[in-house]
Amino acid sequence: MEKILDIKKLTKKYGDKVILNEISFSLEKGEVCGLLGPNGAGKTTTMKIIVDLLEKTSGEIIYDKDTKIAYLQDVPQFYEFYTIKEYLEFLLSLNKKNFDRVDDILGLVGLKNEKDKEIKKLSRGLRQRVGIAASIINEPDILILDEPVSALDPIGRKEIFDLIQKLKGKMSIIFSSHILSDVERVCDQIIIINKGNILLNKKISEIALNNNILTIDFINEEDINKFKKQYKGDITTNGNTIEIKTDDINNTELEIFNILANKKINVNSISIKKNNLEEIFVSEVNKNE
Amino acid sequence: MSNFKCLLKKDLTSIFRTKKFLIILLVLIGFAIISPISAKILAELIKILGDEMGDLTTLLGSATYIDSYVQLNGNLAEMFIFILIIMFAGSIIKEKTKGTYFVLKTNGVKKQEFILSHILSQIIAVTVTYIISLIFFILTTLILFGEALPKNFLYSLFSLYLFMIFFVVLINFISGFSKSNTQSMVLNFSLYFGILILNIFTKIKYFFPFSLTDNVISVLNGKITTNTNISILTTIVWCIIMIVLLLLFSKDKINNKKGY
């Protein structure tokens, strides 16, 4: 896939304090990248440097000169005296575009019925949607969202992630979030950052489904032996319990159930521990602490 | 519509909808009405005191419609400038710290357009409100004194106008170079008093704008001197220098740990 943004050895220091330590990553066209990390990890600093709101100490940020980048900060700020519609029209007028897109964008973010409300009177959730509408109104190539759901309730979070899902493919998106289950749902790429260092940078397909652990508690040792004769994968035995690590949980599950049914093996319990993003995140950050 | 026109429209809308225009207008009209009234009251006071203590009018002179202008100068050069500082000290820096400036920047707005639209919108607001308030001032003076338009009154009112415009530019200049709204406010008030102190030094005072408000009586009595013209000229030069410096050297980014 075509790279749209390439970050090379990006460093930010305040005096002796290193905020970003030579981080490098790239973003591909049309992909969604989740930038994850605990508070103070350097996520916002990275984003602000990309959009040229903050000076970098060293490193390179490479993108085509025609690439349009939009940024939405964690607490979106607007000209509060405008109505939503007026604000979007103002942003379009800065780009010398007509106002035809306003209704489409308002529809996309679910603000059609609120368009004549003054921004200062909107709830946090609606303001977030206005922020996204304002960010995409001029059709950016890259959309950067800093904690777009941090202060929203579960319904508000779902709406914003649904919106990101809708935008996927139309533009490249980088966003930071603490809501990891949602990140897993919409992202193509995950970057975990802590103390200014990148701990993990992988495609979601490479990490989210890896290393699932299936645990079977057998009634007796005889059944374990029967099972072992049929199952060809790696097994770790611990008393009457076995653990199976698998990348492909669905097929492994199917295979196991077939063996148990065909050989009429009874078990006490079967449990699956999916190695989800949250565990990967905690594990990576702990390793770095 | 060019970006500058869009920004100017936005800044004027802001001044109107955030009630700043209304506040400035009401304050100016207030001073426009109060100034002739206080001049008249002062005249009455002198008369009453004169009746009791002898003829003070020979000592202090009797109040005339020119005293309305003197009062107006005093009120606008002090109280009104404070109000301008409170209203506009945060105009540029707040946009930078809040982040709205960077929405503009990512939409192709240049720093110069952003700064100039702020300054021009405020100048327009001050100009319109000043003109409206002058109508109230002249009418009130006319009603109380029977006369309202002394010789060189336009020159005097223009000097006062220029003095206010100088402060509009100065407020934006400081706002553009500050790191926070509080810093801008403190620096603005400090500079106001700093410039006021410079007015003590007679040899250099004509190179600083407070001298514009100093010569009201002599100007209204027909004495326009080289020094009064120098005051006007140097104030205009100061404004130009500040705008140029602001356009060239004010920073887009605030390199503090909080970022924006």
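Searching the whole structure turns up 1 cavity of 30 Å³ or more, a cavity being a set of points on a 1 Å grid over the protein atoms alone where a 1.4 Å probe fits but cannot get out. Please keep in mind that this is a predicted model, where local features need pLDDT of at least 70, side-chain atom pairs count only at pLDDT 80 or more, and totals for chains, interfaces and linings use all residues. Residues are numbered from 1 along each chain as its sequence is written, chains are lettered from A in the order in which they are written, and side-chain values use heavy atoms, without hydrogens and water.

**The cavity**
- The largest cavity has a volume of about 80 Å³, taken as the space filled by probe spheres set on the points.
- Its lining (residues with an atom within 4 Å of a point) includes Asn73(B), Tyr155(B), Ser211(B) and Ile232(B).
- Helix 8 (153-177), helix 10 (216-220) and helix 11 (226-249) of chain B each give two or more residues to this lining; helices are DSSP runs (H or I) of at least four residues.

**The interface**
- Contact (heavy atoms within 4.5 Å) involves 29 residues from chain B and 24 residues from chain A.
- About 2500 Å² is buried between chain B and chain A, 56% of it on carbon and sulfur atoms; this is accessible area (1.4 Å probe) lost on being put together, summed over both.
- There are 2 salt bridges between chain B and chain A, defined as a side-chain nitrogen of Lys or Arg within 4 Å of a carboxyl oxygen of Asp or Glu.
- Arg17(B) and Glu86(A) are joined by a salt bridge at 2.8 Å, N to O.

Definitions and conventions: Buried area is the accessible area (1.4 Å probe) that two parts lose on being put together, summed over both. On a 1 Å grid over the protein atoms alone, a cavity is a set of points where a 1.4 Å probe fits but cannot get out, and a pocket is an open set with protein on both sides within 12 Å along at least five of seven lines; lining residues have an atom within 4 Å of a point.
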